[in-house]
Amino acid sequence: MEEYSLGKWNLSELADSPKSKSFQKQVSDLENLAVKFEKRKTKLDHNMSSRQFLNILSDLEKISEKMSMIGGYASLSYSADTQSDETTTLLTKISRLGSEISNRILFFDLWWKTGIDEKNARRLLKDTGDLAGYLAHKRLVAKHTLSEPEEKIINTLDVTGINALVKLYDKITNSFQYKMKVGGRTKTMTREEITNYVRSTRPKIREDAYKTILTKYAQNKGVTGEIYQNIVLNWKDEGIKIRGYDSPISMRNTGNDVDDKTIESLLETCSKNAHVFQKFFVQKANMLKMKKLRRYDIYAPVKDIKEKKHPYAKSVKTVLESLGRFSPILGDMAKKVFVEKHIDSEIRHGKRDGAFCSTLSPNITPFVLVNFTGKTRDIFTLAHELGHAVHSQTAQDRSILVQDASLPLAETASTFSELLLYDFISDSITEKEKKTVLAEKIDDLYATIMRQSFFTMFEVKAHEQIASGSTIDEISATYMQNLKKQFGESVSVPECFAIEWSCIPHFYHTPFYCYAYSFGNLLALSLFQRYKKEGNEFVPSYMSILAAGGSKKPEDLLAEHGFDIRKPTFWQNGFDYIAEQVNALSKIKQA
C-alpha cells in the first residue's frame with residue numbers, strides 16, 4: 001500500500017541547479033533554437049506548402065516546450081520560497097530570457113495574424129489537426145495585434161513593468177506575519193495558518209482572525225493599493241488604448257476564446273440569483289443560533305464541535321479513491337503526481353500561499369502546490385488541484401500550444417473532482433450528519449460561484465473607476481457596495497471588510513480570472529447531474545471534453561455535448577440545482 005507524507009516537490013525533471021553546466025546548456029539550446037527559427041522570417045510566403053507550414057509549427061512547439069521547462073523551474077522554485085534572493089533573481093533572469101525568446105519568434109505570430117491572405121490561410125489550416133482552432137482564433141484577434149516593433153516593446157517592458165508589480169505584491173504579502181491570541185498565548189502565523197481560524201467554532205476567534213488579516217492589509221493599503229491601480233491602468237492602456245478592445249473584461253474574454261455575451265449572461269444570472277444564497281445565510285444563522293450572520297460568520301462550522309484534523313496520507317488516498325471510482329484512468333493520472341514527487345504540500349514560511357497546478361509540457365506530469373493543514377477544506381483543495389492535473393494529462397496527446405484549456409473550461413475538471421469527492425464521502429454519512437454536510441456543501445457553492453462572480457462584478461466597476469481617477473478609499477467603498485448587494489439583508493458587513501479586495505491575489509495576477517470559477521462550477525453541476533443520471537455511460541463524454549484541452553472554442557466544444565452556454569437558461573439550471581439544495585436543507589430536522 002502506498003504511503004504519502006508531507007514534503008517538497010522534486011523539480012529535477014525540469015532542470016538541474018541554475019549554476020550547473022546542464023542548466024546553462026538548456027538555456028543555450030533554447031537560444032539557438034530561437035535564432036534558427038528567426039531565420040525563417042525571410043522565407044515566409046503566402047504560397048508555402050503545408051509541409052513547410054507544419055515544420056514551422058513543429059519548431060514553434062519545441063521552443064515553447066523548452067521555454068516552459070526552464071520558465072517552469074524558475075517559477076516553481078520561486079513559489080516554493082518567495083523570500084529567497086536566489087529564486088527571485090533566477091525568476092527575473094528567466095523572465096527576461098522569455099521576453100527575448102518571445103521577441104525573436106514574434107514575427108511568425110504576427111505574419112499569421114495579418115501577413116497572409118485569407119485564401120491561403122484557409123488552405124494551410126486544413127492540415128493542422130488540433131491546432132486548427134488555435135490558429136483560427138489568432139486570425140480572429142488580428143485586429144488587436146500591433147506591429148512587430150510595438151509587440152517587442154511591450155514584451156520587453158512587461159518584465160520590469162506589469163510582471164514586476166505582480167512579483168512585488170507577492171513578495172510583500174507573502175512576507176506578512178499575523179499575530180493573534182489563541183488559547184491565552186500569542187501565535188505568529190502565515191496567511192494559510194491564520195485562515196484556518198476564520199472557520200473556528202468560536203465567533204470571537206473568527207472575528208479576531210478576520211480583523212488580524214484585514215488590519216495587516218489596511219496598514220499596507222498605500223502600497224498594495226498603488227500596485228493595483230497601476231496594474232489596472234496598465235491593463236487599460238495596453239488593452240483599450242493600444243489594442244482597441246471594447247472593455248477591460250473583453251480583453252480577458254478574447255484571451256479565453258469566449259464571447260462577451262456568454263460572460264455577460266453568466267454574470268447577469270449570478271446577480272439575479274443572489275437571493276438563493278441569501279436564503280441560505282438566513283438558515284445558517286438559525287443553525288448557529290444567531291439572529292443574523294456577520295461577515296465573520298460566513299464560513300463558520302454549523303455544529304459546535306471541534307473540527308477533526310485529517311491525516312495527510314489518508315486524505316490523499318480518499319481523493320485518489322474518489323477519482324478512481326469515477327474512472328480508474330483518472331485515478332492513476334492523479335496518483336502519478338505523488339509517485340513522481342510533483343507535489344509541494346507542507347507549510348513553510350516564505351512559501352506561496354494558496355494552491356495551484358502547473359502544467360509545463362504534455363510529456364511531464366503537472367506540478368501541484370498546496371498548503372495542507374489537515375482541515376476538511378484542504379482535502380477538497382487537493383481534489384481541486386488534482387482535477388487540474390488530470391485535465392492536463394487527459395489532453396496530453398495535444399500540442400503544447402493547445403494542451404491547456406481556456407480559463408473557464410480549465411476550472412471544470414477541478415470542480416467536478418470536488419463534486420466526486422463530496423459524493424464519495426457522502427456515501428458514509430449518517431442521517432444525523434446530513435444537515436451539517438449539506439450546509440458545508442452549500443458553503444462551498446457560495447464560495448466558488450456567487451463570491452467569484454461578485455468579485456468579477458467588482459473588478460468591472462474598479463477598472464472603470466480607476467480609469468477615471470480614484471483613491472484607494474473610493475475603491476474600497478465600491479467593494480463595500482458590492483458586498484452589500486451580494487448579501488442583502490441576510491448578512492451584516494463590518495466596515496473593516498472594505499479593504500478585503502486587496503487580499504485577493506487574482507485581482508493582481510490575472511484580472512477577471514474569477515468568473516472562470518463561476519463558469520466552471522455551474523458547468524460542473526450540469527455535468528455531474530448528467531453523470532448521476534447516466535452513470536458510467538457518461539464517462540466517455542466527460543473524458544472527451546477534457547481531452548479537447550484548448551483546441552476548441554468553449555461554446556463549440558460544449559455544444560457538441562448538448563450544452564448551450566450562450567443562453568441564460570443554461571446558467572439558471574445550475575442555480576435551480578443550488579436552490580433545491582437550499583430547500584432540502586430547510587426540510588432536514590435540526591440534529
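The following legends accompany close-up views of a predicted model.

**Figure 1. Confidence of the predicted protein chain, by residue and by element.** The protein chain has a mean pLDDT of 92, and 98% of its residues reach a value of 70 or more. Among the elements of the chain, the lowest mean pLDDT, 84, belongs to helix α17 (residues 407-410). The highest mean, 98, is that of strand β6 (residues 367-369).

**Figure 2. The largest nonpolar core and the surroundings of I578.** This core comprises 139 residues. Those with the most contacts inside the core are F338, F416, W501, F519 and I578. Helix α19 (residues 434-467) supplies the largest share of the core, namely 15 residues. When neighbours within four places in sequence are left aside, I578 is in contact with V276, F277, L445, I449, L522 and L525. Another core, of 48 residues, lies apart from the largest one; among its members are L57, L125, F356 and L401.

**Figure 3. The largest cavity and its lining.** The structure holds two cavities of 30 Å³ or more, and the largest of them contains about 90 Å³ of space. Its lining is made up of 14 residues, of which T190, R348, G350, K351 and D353 are the closest to the centre of the cavity. Two or more lining residues are given by each of the elements α7 (162-174) and α8 (191-195). Sorted by class, the lining of the largest cavity has two nonpolar, six polar and six charged residues.

**Figure 4. The second largest cavity, with α14 and α18 in its lining.** About 30 Å³ of space lies in this second largest cavity. The residues that line the second largest cavity are S322, R325, F326, L420, D423 and Y531. Helices are represented here by α14 (312-326) and α18 (412-426), the elements that give two or more residues to the lining. The greatest contribution is that of α14, with three residues. By class, the lining of the second largest cavity has three nonpolar, one polar and two charged residues.

**Figure 5. Positive phi at D257 and at K289.** D257 is not a glycine, yet its phi is positive, at about 55°. The residue is found in the loop that runs between α11 (248-255) and α12 (260-272). D257 counts as buried because its relative accessibility is 18%, where buried means under 20%. K289, likewise a residue other than glycine, has a positive phi near 60°. The place of K289 is the loop between α13 (274-287) and β3 (293-294). K289 is exposed, since its relative accessible area is 72% and the cut-off for exposed is over 50%.

**Figure 6. H342 and its contacts.** H342 is situated in the loop between α15 (328-339) and β4 (343-344). Is this residue, H342, buried or exposed? With a relative accessible area of 1%, H342 is buried.

Definitions and conventions
Residues numbered from 1 in each chain as written. Predicted model: local features only at pLDDT ≥ 70, side-chain atom pairs only at ≥ 80, totals over all residues. Heavy atoms only, no water. Helix = DSSP H or I, 4+ residues; strand = E, 2+ residues; numbered from the N terminus. Buried < 20%, exposed > 50% of the residue type's maximum accessible area, 1.4 Å probe, protein only. Contact = heavy atoms within 4.5 Å. 1 Å grid on protein atoms, 1.4 Å probe; cavity = no way out; pocket = protein on both sides within 12 Å on 5 of 7 lines; lining within 4 Å. Points joined across faces, edges and corners; volume = space filled by probe spheres on them. Nonpolar A, V, L, I, M, F, W, Y, C, P; charged D, E, K, R; others polar. pLDDT = per-residue confidence, 0-100. Core = buried A, V, L, I, M, F, W, Y, C linked by side-chain atoms within 4.5 Å.
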